[in-house]
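Colleague: I have a chain here that I would like to go through with you. Could we begin with its pocket and then move on to other regions?

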Amino acid sequence: TQSTWGFQYKTLVEVTCVDTLTKARRFDVVYMFLSYINQHRLIVRTSVDDASGIDSLTPLYHSAVWAEREAYDMFGVIFMGHPDLRRMLLDYGFEGHPLRKDFPVGGYSEIYYDAAQGVLRYISPPVFREEYRDYENIETEWEDVYQRVNTAWAYDRMVNKTSHQSSERDFTYDDPYVHKKK
């Protein structure tokens, strides 16, 4: 039990799930317990299939209320005997459980705000607008910073005749993005 002298795992730290589609019992429910007295952690992993559930730990650990609701909301694992098993992270009209491996990447519906009507609208199935995406000419701000730093480093080596190793001296290149003058 929870208060046996050898264990004393009086804190339930986390409840999470792992979804493996290839297994008959596809969900692994993972419990993480903590013993303050012995300074030990215990991780318990059990398997559950899609249709059946697992007994809730809420009678033993009050922290299981929130963690089991989260696991239910994200994975769809049913915790039998849970006092309030309902969605808490997603809205009540949400279809499916998003952390399942078989959940579509775009979801089952798309939601947007219609400013003219002042309401939320759902589109089913979602519309992916690929024509606005340019995968060929992707350039990020980091590429520009990388180019400036390399230019400043090369200029510093050329002007000051420094070695390739880093030095304590400042860059002589006047670029506010690379070096701010003191």
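Predicted model: local features only at pLDDT ≥ 70, side-chain atom pairs only at ≥ 80, totals over all residues.

Colleague: How much space lies in the largest pocket?

Modeller: The space in the largest pocket comes to about 180 Å³.

Colleague: And what does the lining have by class?

Modeller: Five of the lining residues are nonpolar, four are polar and two are charged.

Colleague: Let us step back. How many helices and strands does the chain have?

Modeller: The chain has two helices and seven strands. Read from the N terminus, the order of the elements is β-β-β-β-α-β-β-β-α.

Colleague: What percentage of the residues count as buried?

Modeller: Of the 182 residues, 24% count as buried. As for contacts in the chain with a separation of 6 or more, 33% of them come from residues 24 or more positions apart.

Colleague: Which residues touch the most other members of the largest nonpolar core?

Modeller: They are Val 29, Tyr 31, Val 77 and Phe 79, in a core of 19 residues. The elements giving two or more residues to this core are β1 (11-19), β2 (27-35) and α1 (64-75). The largest share, five residues, is that of α1. As a general point, nonpolar side chains tend to be buried together in soluble globular proteins.

Colleague: Take Tyr 31, then. Which residues does it touch, leaving out those up to four places away in sequence?

Modeller: Tyr 31 touches Leu 12, Glu 14, Val 15, Leu 42, Ile 43, Val 44, Thr 46, Ile 54, Asp 55, Leu 57 and Phe 79.

Colleague: Why is Ser 35 classed as buried?

Modeller: Ser 35 is classed as buried because its relative accessible area is 0%, and the cut-off for buried is under 20%. Its side chain reaches the backbone oxygen of Gln 8 at 3.2 Å. Beyond residues up to four places away in sequence, Ser 35 touches Phe 7, Gln 8, Tyr 9 and His 40.

Colleague: What about Gln 39: is it buried or exposed?

Modeller: Gln 39 is exposed, with a relative accessible area of 70%. This residue lies in the loop between β2 and β3 (40-48). Although Gln 39 is not a glycine, it has a positive phi of about 55°.

Colleague: Now for another loop. Where is His 97 found?

Modeller: His 97 is in the loop between β5 (79-80) and β6 (110-114). With a relative accessible area of 15%, His 97 is buried.

Colleague: Which backbone oxygen does the side chain of His 97 reach?

Modeller: The side chain of His 97 reaches the backbone oxygen of Asp 73, at 3.1 Å. The two residues are 24 apart in sequence, and their C-alpha atoms are 6.2 Å apart in space. Apart from neighbours within four places in sequence, the contacts of His 97 are Tyr 72, Asp 73, Met 74, Phe 75, Gly 76, Arg 87 and Phe 103. Phe 103 is also one of the residues lining the largest pocket.

Colleague: And Leu 99, what is its relative accessible area?

Modeller: The value for Leu 99 is 45%, so this residue is partly exposed. Leu 99 lies in the loop between β5 and β6. Not counting residues up to four places away in sequence, Leu 99 touches Asp 19, Met 74 and Phe 75.

Colleague: Leu 85, to compare: which loop does it lie in?

Modeller: Leu 85 lies in the loop between β5 and β6. Its relative accessible area is 26%, so Leu 85 is partly exposed. Leaving aside neighbours within four places in sequence, Leu 85 is in contact with Glu 68, Arg 69, Tyr 72, Ile 78 and Phe 79.

Technical notes
Residues numbered from 1 in each chain as written. Heavy atoms only, no water. 1 Å grid on protein atoms, 1.4 Å probe; cavity = no way out; pocket = protein on both sides within 12 Å on 5 of 7 lines; lining within 4 Å. Points joined across faces, edges and corners; volume = space filled by probe spheres on them. Nonpolar A, V, L, I, M, F, W, Y, C, P; charged D, E, K, R; others polar. Helix = DSSP H or I, 4+ residues; strand = E, 2+ residues; numbered from the N terminus. Buried < 20%, exposed > 50% of the residue type's maximum accessible area, 1.4 Å probe, protein only. Contact = heavy atoms within 4.5 Å. Polar contact = N/O pair within 3.5 Å; in protein donor to acceptor, adjacent residues only side chain to side chain. Core = buried A, V, L, I, M, F, W, Y, C linked by side-chain atoms within 4.5 Å.
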